[in-house]
Amino acid sequence: MEKDEIILAIETSCDETAVAIIKNGTEMLANIVASQIESHKRFGGVVPEVASRHHVEQVTVVIEEALVTAGLTMEEITAIAVTEGPGLVGALLIGVNAAKALAFAHDLPLVPVHHIAGHIYANRLVTEMHFPLLALVVSGGHTELVYMKEHGSFEVIGETRDDAAGEAYDKVARTLNMPYPGGPHIDRLAQAGQPSIKLPRAWLEPDSYDFSFSGLKSAVINTVHNAAQRGEELAPEDLAASFQASVVEVLVEKTARAARAYDVKQVLVAGGVAANQGLRSALEARFQNEEVPLVIPPLSLCTDNAAMIGAAGSIAYRKGTRADWALNGVPGLDLEAQ
Amino acid sequence: MEKFTIHTSSPEETGALAEKLGQLLGAGDVLTLEGDLGAGKTTFSKGLAKGLGVTRVVNSPTFTIIKEYKGRLPFYHMDVYRLEDSDEDLGFEEYFAGEGVTVVEWAHFIEDHLPAERLQIEIRREDEDARVLHFYPKSERFITLCKELLA
């Protein structure tokens, strides 16, 4: 029998210090996430300096905890996978250097992973991937439709031209004076409201799979502004529901259209915004009538975690992808160049 | 302080003005952009990038803080909103003194790091589409450049 492949994966691209241990690419032996959201709340966003300091304090503790949870020692690890980018440079560097130190000390291969590839591969922890496939990636910094013809091949067929969906949520939440992170607040408010306020949908050119949420953000600001000038107050629930309806409709429709045009075997959803209830139920409803199966990972695998880095890292490891000791955090790392 | 003001009536017009400015910029130029959410900072930055010959999609750098693009000159697009109350230096000096053009949105959050010679731009909303742009050139070079832009 072949020896098990055990990957220890580290993810520190934003505000979570995460370490996971993944057996043979799909089995989670440990998946530890130490979140910093509490300390970022008062700043209304992720503060890179705070993020980096937390990562430094937590990374070794979280690595230790992952090993204890998995009941393993470093001697049983096959390779170290780490998020190389994109993300905040100071935050990425902590994970990259921890990974380099571990790999060097234990003479293990070092495998660099793209954060978005990780989000997509979170799905492989749930179900096997079938190619060609389409992934809708929606997170704080990303809104992309990615076409994959095989493992490790990524073609971005659509992306946002201005704000990412998560950014639009955070900026609208700021307008409505809600605390950070804004997404979950708007999602919750939206459940209690009616999409009764007319807001635009940015379809762009008929053949485009790109997104644009900046006009919608401006429309929300204008609507609030104009109502205030008339001395009216809009129900925040209805505003949230109307905003969410616009975002979700465009995401769902463009995903369904791309899935047909590219004749894919599977549609995967990835990224933190996939935790959004409004988006999940709209996607599920839309794909009930489509032949292609839709996969949405559980909430814990949608937000940033290291299990997904281990899943993507396993494929990269088998393909022979290796980093040397010069590995650096790359804030603007390109997915298609993977 | 020298001040130049221009009114635009649509996002397209704001973008076209920025594109024209982009064509006039040179290595090491630093521009700052102030304006509320939805004022058009990203619209302006996209126009500027076009003028600099950037062909890739320029989208909001809010999340990653700094995005780099290749054009006629390198283009560094920063949104330092999330650095409010933080004293962090993300290596700004290297960008400002580098080979490219830097645009900083919400620049007042990193006031201490900004170079003295820069073009300060404020975008104010007049109505849904109309904007007024104020240019405050902080060097002789930028004064000349503003005159050329608005001529």
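**Exercise 1.** What percentage of the 151 residues in chain B do buried residues make up?

*Solution.* The model is predicted. A residue is counted as buried if 20 or more other C-beta atoms lie within 10 Å of its own. In chain B, 48% of the 151 residues are buried.

**Exercise 2.** Describe the secondary structure and the overall dimensions of chain B.

*Solution.* Step one is to count the elements: chain B contains four helices and seven strands. The C-alpha trace of chain B spans about 35 × 35 × 30 Å along its principal axes. Step four turns to contacts: of those in chain B with a separation of 6 or more, 65% are between residues 24 or more positions apart.

**Exercise 3.** Is A:Leu133 buried or exposed, and which residues does A:Leu133 contact beyond its neighbours within four places in sequence?

*Solution.* First, locate the residue: A:Leu133 belongs to strand β6 of chain A, residues 133-138. Next, A:Leu133 has 23 C-beta neighbours inside 10 Å and therefore counts as buried. Then, with neighbours within four places in sequence set aside, the contacts of A:Leu133 are A:Met148, A:Val264, A:Lys265, A:Gln266 and A:Leu268. Finally, consider A:Gln266: this residue is 133 residues from A:Leu133 along the chain, yet their C-alpha atoms are separated by 4.9 Å.

Technical notes: Residues numbered from 1 in each chain as written. Chains lettered and ligands numbered in written order. Predicted model: local features only at pLDDT ≥ 70, side-chain atom pairs only at ≥ 80, totals over all residues. Helix = DSSP H or I, 4+ residues; strand = E, 2+ residues; numbered from the N terminus. Buried ≥ 20, exposed ≤ 12 C-beta atoms within 10 Å, placed from the backbone. Contact = placed C-beta atoms within 7 Å.
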